[in-house]
Amino acid sequence: MLCSRPMMPLDTALYIAALVAVAVNASAGVLEAGRRPFDLFGMVVVALAAALGGGSLRDVLLDRTVFWIADQTYLLTAILAGLVTFAVVRVVRLPAKLFLLPDAIGLALFTVSGTQAALSVGAPWLVASLMGVITGVFGGIVRDILCNEVPLVFTGQLYATASWAGALVLVGLMAVGVSAGWAALACGSLVLGLRLAAIVFDWRLPVFVARP
Amino acid sequence: MLCSRPMMPLDTALYIAALVAVAVNASAGVLEAGRRPFDLFGMVVVALAAALGGGSLRDVLLDRTVFWIADQTYLLTAILAGLVTFAVVRVVRLPAKLFLLPDAIGLALFTVSGTQAALSVGAPWLVASLMGVITGVFGGIVRDILCNEVPLVFTGQLYATASWAGALVLVGLMAVGVSAGWAALACGSLVLGLRLAAIVFDWRLPVFVARP
Amino acid sequence: MLCSRPMMPLDTALYIAALVAVAVNASAGVLEAGRRPFDLFGMVVVALAAALGGGSLRDVLLDRTVFWIADQTYLLTAILAGLVTFAVVRVVRLPAKLFLLPDAIGLALFTVSGTQAALSVGAPWLVASLMGVITGVFGGIVRDILCNEVPLVFTGQLYATASWAGALVLVGLMAVGVSAGWAALACGSLVLGLRLAAIVFDWRLPVFVARP
């Protein structure tokens, strides 16, 4: 049951971090779905898709057991977070910006866990970094497709780019022998810092519009 | 080839029921796609997605062999049902409500087969019940996304909720030792009854619209 | 490493053909995404989805290792083709029709490789032919969904139909003992010829619109 001693705190920390990321993404899904006349079930589905979609796609592509099937704590966390958000928002008006910070933390955590999961099954470096990005952003893409909108991640401030930069740093650090814990810390800090800076300074990628 | 004697009729009944559900959902997909200027192929794709999408997602998530790849009878059934519907609707005008009854039967059958398939590979109770719901409703969600619409299941009368209630009853009955056949009957009857009652009495879940 | 001598040139040719098809589809994805105000990342995602989506769905459904995870050359090819297209189109105005020929070649190549991949894992004939179609057209469907549009493949000139016809010919020829190389050539030529003829002569499937 136990890994070797030095890994335990990291494993536990990553597990709790992943649960927090799931809860935060579920909440963000409910807030997004709330702009449509969805019923309670529709919102739970959007919350689940937003919270679990990225990790599910990663696990299916890597042919691992899907994480929330192996451990239904994730599923319960996502459903509870969605219902609590639903209940709270009916009573209290929350400023939309309130969720930018936990959402950025969720992006950082999902990027770390997605990249490490891919490396642990022997994926090559470019695939591993892309799995980090998929884990971080795919849930939000599905959320927006279910709401029949162009995915926000394609048009807004740096988001996936922050995730990809962090994932590449994690892959690079581990390739040169840095321990998993420090590599995770560096990756997560970079993603979080880049994303928050992008929000504050309105950093965006160049936009491409074809000439008509 | 043969299971033990007492299971045979149940297995056979569930197999025929699943084929009927596939056919009904394919027909419903064609009727939905018919509101868009799709060509014949587009309609076959929507019919296949509506009929096979839920079970495919369930099987991919559970890492089982996808059911219509293991047995292409399902695929043939879906294609034939789609083509027949296409041919019939060009000649006869069918009232839209005609499909509500078979669609409800399909929902009940898919919920039973999806939940039992998940239990048979050892999925925990919450995951198993969710697989029943996914099998029942995901096809319709894909159908609506392909038609570029907000999924109907998120906004209409009780649908997924009926499926989830039935799936939870099935999981609970089997946990307390009720045989698979009776549990399936109770689950299917509950889903069918709830769905039909929801249509007749216009039962809906509370709708959530965030304040602007 | 080496297969038996007579297969080597065919394998090498199919590998190069698949890389070309991936590059062409990535380019087509960028050109499509360019009609929306996507940023650079959004375009890379659409390019990857268009280029790799069909083969990924095929591999997940068949429970094979996803091709671009097993060999990340595909992934690099798709990213490079997307970036080069992005750079070129910002400078030079390309006529949209320029991409119809390579796109048709890509459809033919993907149909061949998808059908043969399915046959190689023992899929039955109808499933195998459908896998060829999925490999050929699913990337374009995902591309259009990400761009929040009704998939073009459902409404335009013969496209998936050409793919399906070729896939059925390939399955049929191999069933009667024709070698893989000749069957691939016949299949690819048929798909390419049908698709080009459909563009030139505006061949379309009957469109179905339900009476209101």
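1. Helices (H or I, at least four residues) and strands (E, at least two) are taken here as DSSP runs and numbered from the N terminus. By that convention A:Asp63 sits in the loop between helix 2 (40-62) and helix 3 (67-70) of chain A. Its phi is near 60°, a positive value in a residue other than glycine. A residue is called buried if 20 or more other C-beta atoms, placed from the backbone, lie within 10 Å of its own, exposed if 12 or fewer, and partly exposed in between; A:Asp63, with 15 C-beta neighbours inside 10 Å, therefore counts as partly exposed.

2. On provenance and numbering: this is a predicted model, in which local features need pLDDT of at least 70 and side-chain atom pairs count only at pLDDT 80 or more, while totals for chains, interfaces and linings use all residues. Residues are numbered from 1 along each chain as its sequence is written, and chains are lettered from A and ligands numbered from 1 in the order in which they are written.

3. Chain A holds eight helices and zero strands, and along the sequence its pattern reads α-α-α-α-α-α-α-α. Its radius of gyration, taken over C-alpha atoms, is 17 Å, close to the 17 Å that the globule rule (2.2 Å times the number of residues to the power 0.38) gives for 212 residues, so chain A is as compact as a globular protein of that length. The C-alpha trace of chain A spans about 50 × 50 × 30 Å along its principal axes, and 55% of the 212 residues of chain A count as buried. Two residues are taken to be in contact if their C-beta atoms, placed from the backbone, lie within 7 Å; among contacts in chain A between residues at least 6 apart in sequence, 70% join residues at least 24 apart.

4. Within chain A, the pairing of helix 5 (residues 100-120) with helix 6 (residues 125-146) deserves a look, since the text can be checked against the model here. The axes, which are lines fitted to C-alpha atoms over the stretch in contact, come within 7 Å and cross at roughly 145°, on a scale that runs from 0 to 180 degrees between N-to-C directions.

5. In chain B, B:Ala21 lies in helix 1 (residues 8-33) and is buried, with 29 other C-beta atoms within 10 Å. Leaving aside neighbours within four places in sequence, B:Ala21 is in contact with B:Gly106, B:Leu109 and B:Phe110. B:Ala21 and B:Ala78 are 57 residues apart in sequence, and 9.5 Å separates them from C-alpha to C-alpha.

6. The contact between chain B and chain C takes 26 residues from chain B and 25 residues from chain C. Helix 2 (40-62), helix 4 (73-91) and helix 6 (125-146) of chain B are the elements that give two or more residues to this side of chain B, with helix 2 giving the most, seven residues. The residues of that side divide into 16 nonpolar, six polar and four charged. Only 8% of the interface residues of chain B are also interface residues in chain C, so the copies meet through different surfaces.

7. Towards chain A, the contact takes 25 residues from chain B and 26 residues from chain A. Helix 2, helix 6 and helix 7 (160-175) of chain B each supply at least two residues of the side that touches chain A, and the largest share, four residues, comes from helix 6 of chain B. The residues on that side of chain B divide into 19 nonpolar, two polar and four charged.

Definitions and conventions
Nonpolar A, V, L, I, M, F, W, Y, C, P; charged D, E, K, R; others polar.
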